[in-house]
Amino acid sequence: MTVHTKGSGTTWVGRSIRRLEDPALVTGRGRFTADMPATHWVRFVRSSVAAGTIENITAPERAGIVTAKDLAKLKPIRPMLSKFNYVAVGQPILADGVVRFTGESIAAVYAPSKDQAEDIADQVEVEISEGAPLIDAMDALAEGAPLVHADTKHNVIVEGRIATPGFEDVWKTAHKVLHVEARSHRQNATPMETRAGHAAYDGSTGRVTLTCTTQMPHLTRTAVCDILGIPESDLRVVAPDVGGGFGQKMSLAPEYVLLVWLARKLRSSVAWTEDRRENLIASFHSRDQHVQLEGAFDKSGKLLALRGDIVANIGAYSCFPTTCGVEPLMALAELPGPYDVRAYDCRSRGVMTNTCPMAPYRGVSRPVITFVLERLMDKAAAAFGIEPTELRRRNLIDKFPYTSATGLVFDDGSYKETMEMAIKAIDLDAFRKRQKIARDAGRYLGIGFATFSERTGYGSPAFAARGMEITPGFETVYLTIDPSGFVEARIGSSPHGQGLRTSLAQIIADEIGIDPEFIKVVHGDTDRSPYGWGTFASRSLVLSGGASLLAAQKIRAKLLKMASHFLEAAPEDITLQSGSAHVIGTDRSVTIASMARAAYHQTHIFKGEIEPGLTETGTYDPSGTFSNACHVAIVEVDIETGRVEMEKFLVVEDAGLIINPMIADGQVHGGVAQGIGNALLEEIIYDETGNILTSTLADFLPPTTHEIPEIELHHVETLTGNSITKAKGLGEGGAIGAPAAVISAINDALSPFGISIDEMPATPQRIRAALRSSGKLPSNGKLA
Amino acid sequence: MKPAPFTRHVPRTVDEVVSALAEFAPLDGRILAGGQSLVPIMAFRMARPAHLIDINEVEGLDRLAVDGDYLSIGARVRHGAFHKPVIDGPLGKLLAFVVSHIAHYPIRMRGTFCGSLAHADPASEWCLVAATLDASLVVKSVRGERIVPVTDFLEGIMSTSLAEDEFLAEARLPLLPDDTKFGFYEFSRRAGDFAMSAALVTYRLVDGVIADAHVGIGGAEDRARRILEAEDVLNGNAPSPDLFVAAGEAAANAIEPLEDIQTTAEYRCDLVRAVTRRALERSLL
Amino acid sequence: MSDKTDITLIINGQSHAIRVESRRTLADAIREDCGQTGTHIGCEHGVCGACTVLVNGEPVRACLMFAQQADGKQIRTVEGLANGDEMHPMQRAFMENHGLQCGFCTPGFLMLAVGVLEREPDISDRDLVDVLSSNLCRCTGYQNIIKAVRAAAVEMRQS
């Protein structure tokens, strides 16, 4: 069973045990939403224009069709923030008179099969009187720009500013000021499973079961019921096997509301499977930002002050539950990253445009701000004539807890240590020699470092700081040993590929002395699992792990008490291991299974001293903990074509105690691959009319095996008091650091040309255009 | 993303193919060969043929053989057939080298050589091969058979000189002399993606100088074609880095570059310059 | 539509007599008409490879083939890889090397790798990576997929 054992091997935590999730998934027995049969299949008729007024909708005779007028009693999706000048805007389930982005649902048709539904949708004619669309956030900011929502005063609907006292005084003392104007283009998370929903009405109870590809089943239930005005007890939400989410499946899909409404209306089952084109144009987008950043440094290269201006294009609506504040406000709070800077002045705005709504995507803003901040640090290093790592060495935080200029409290971390390890592991000096030799031969190699923090596992206090009407945070675990002696942990998180069932089973196993294979973790079903927030924001292992530990500690205490009855020994003299309670130093033992049986069926023997049953609840709501890492990319840039070849990628990661190293490594691998894709390949492109030109996987380009190099991983384990399991989150870190490292490496490679690539993705076209603009490219492609 | 309804016809002989075409082509019918380009555009409903004449069961069309001085490639011969050299000599090696750049392995199990030509995507590797090697194409209909030089066959983006009732039954590639050198280089965003520019070169060395140079460019213009200006630079000169640079320059200057949102004309010319020179460099490896 | 045709899909040795329209893709027929939902659909335009199955031993995109074209042919899907409770070396290797996370792309990768290795057991490591570029995975960064397929290749060659 064990592939790779770390440490002493006496505990389950720390071992790379095989995932409990895998047998079903490798044999085709996984159950995904799209696998379910349904009576009616829904197809959405989507807007082909970005802005306009719906004049008329004509459907073929006898077609099953739903339009906004059928949904008049439904509330719009209207998430709220109480701070940051937030202006609430509503998103109707189907466009109600006005269309605001290409791909917005105008009508839903239904038929007995997907093919027929698509045939009917094809025949639905929608007349739209086209308006002038706003595509770029800068245009939407302009004086006199049309309004995406007529009921707002301007297109900026969220705006935050943080300015430390005395900022200008500090700024004036600067020895050097460096400036970066950066652009991150729009991206799509692109899980391999598109979104899908299946709503089935139960005639006997009047309840609907919505099975869907969500990362937050309970909140989906709350949202759908609020919109429909029905009790939450009338809706069960199930997230079965979910084929990746990366944030895209966190926000409420208006499509699911329609499915539940229609299932109730038809008193039947209705289903929708998003196709890839819909996913690319109308599922959520992200990372579309303009960032201006200035840094003031003293003579020694120490960063004194940071001034920023962030404009996030948040699309046509505000996503539920995070609101469209998620990108701009995350950027505002976390822009200074892992660097010690006391003076900070930053404004961050979310601007509406006629584009697909923005929602969280792995890393949320941090891939962008890390890339921009690291560009600033690289430029500063060049200005000071020192290695980029030396500049970072002078600025990274190293005393903990550290309270940042924006008020974030960093717990123990290893910012400098991970970088020093990375420098050694990659052998920076040897690379510089190799780089020089290559350059003399007309080949352009580059190395890029990214050092960053990843705020993970934060509970309700962190979300409350944003002023969210819905403040996520805690997680609860119900842990039961049933009379058969098997263990069931019912959790509120909703993993979809992270192997959480396995990791939690390892944590529980160590407490209660039962092997992980006998521990079943149940999630993704609002009828079975406690109210929880789901899986996002690198939180589940910290929060559900902490709640599992708390529940398991209670079960452990109870088992020890019971064992002391059976074994006539003091609880402190008893251990729990391999399914039994043992009196230390003797051969006396009792199986946990027999105690479990007694807990339900022989309760009289405890003479009222122990409560019947073996169920305990753990709830955990911590303040949060920061993981950190150093990423290193080595690239070669082909100056003739602008192509970037990834040679190597190295990560030194510190996510606290690693519960399952195999799973942890997998999370980093996947994040890095997405980061490389974000850095080089992936871009949603709108034309000036608001039509998307990248609506297929032949145009929007996730990387393949060829584009991802070998990824070398090292771990540092800094144990923190901010997480009771000592584990920190690491789901997003790979994606946060990789774009910065890759683009830094490209710029390092191209340093002889005196250009700066400050755009993401750094496509060959952009790189080649920058090279051409340098004026240092002779016509035959060789450097003069 | 489900194709619109259509009627499928399954002829067993070439005669049945051409009579089905004569009957159904005017009713918006077309040939289905490997389907690896057609089916996706049907899935997007950008193509909605009412009839598909599926030639996958037609006897004889899977023929791949040498006839005299050319290699005959039947309409059912799939890309995967070229994974290993189909004949001794440079042509077999050339085809085996090029085929690995076509999409991906499972696509190559289904897609056909002739289907690629008939589809006429400017980025098609086989169109580039056909154009560079001066292929002849055997076109059939109820009206009979005609043999069309590739230059008359490829007309533009997704456009050929096939009449409505005609189908491409066979492609004929001239065998290459044993001393032929070749080089191929393709630029695409990811492995297997459409070429943003590709070059195929063949030539012989006679007394140390290049003779009979063919320089084909694909993915850069509305169709793949030979670039005579680049060939002129090469013919009669000994291979050298400078010569190859000059040939690349000549190719870049000769083309009318396709432009799209991601690719300016200038960038396309940059790519043509690079791929031409690199294809020539590979010819010496 | 009325142009449905009776066909037989032989999936993992089991005959499925079904009646499908011409436009029915093999992927949809396997999943919806034959109930074998282990084969997944990720893009329906031939890029992602999630629907890869073996038809007469060749790995193909089931979304780019019509069901009627597979009439009477031998089709293998992920459900047929294991021999009873005994998993195929490729399945075992994916579990041991953590070659999957969400598991959605996994059936396509398994069938691609098994299909190619059965046809070309001595394929080089480099060519294997090239073959694996046929399919997309969004979770693993491919590191462990490559590791798993290489491990299984060794085992498949020995058996």
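This is a predicted model: local features need pLDDT of at least 70, side-chain atom pairs count only at pLDDT 80 or more; totals for chains, interfaces and linings use all residues.
Local features require pLDDT of at least 70 and side-chain atom pairs pLDDT 80 or more, while totals for chains, interfaces and linings use all residues. Side-chain values use heavy atoms, without hydrogens and water.

Chain B is divided into domain 1 (7-56), domain 2 (64-174) and domain 3 (180-282), with bounds from an automatic or database domain assignment. The table gives the buried area, that is, the accessible area (1.4 Å probe) that two parts lose on being put together, summed over both.

| Interface | Buried area | Share on carbon and sulfur atoms |
|---|---|---|
| Chain A and chain C | about 4000 Å² | 58% |
| Domain 2 and domain 3 of chain B | about 2000 Å² | 70% |

On the chain A side, A:Val26, A:Met192 and A:Thr705 lose the most area to chain C, together 19% of what that side buries. Contact (heavy atoms within 4.5 Å) involves 53 residues of chain A and 43 residues of chain C. Seven salt bridges link chain A and chain C, each pairing a side-chain nitrogen of Lys or Arg with a carboxyl oxygen of Asp or Glu within 4 Å. One of them joins C:Glu96 to A:Arg18, with the closest N and O atoms 2.9 Å apart.

Within chain B, the C-alpha centres of domain 2 and domain 3 are 20 Å apart. The contact draws 23 residues from domain 2 and 26 residues from domain 3. One salt bridge is found across this interface; B:Asp134 and B:Arg226 meet in a salt bridge at 2.6 Å, N to O.

Methods: Residues are numbered from 1 along each chain as its sequence is written. Chains are lettered from A and ligands numbered from 1 in the order in which they are written.
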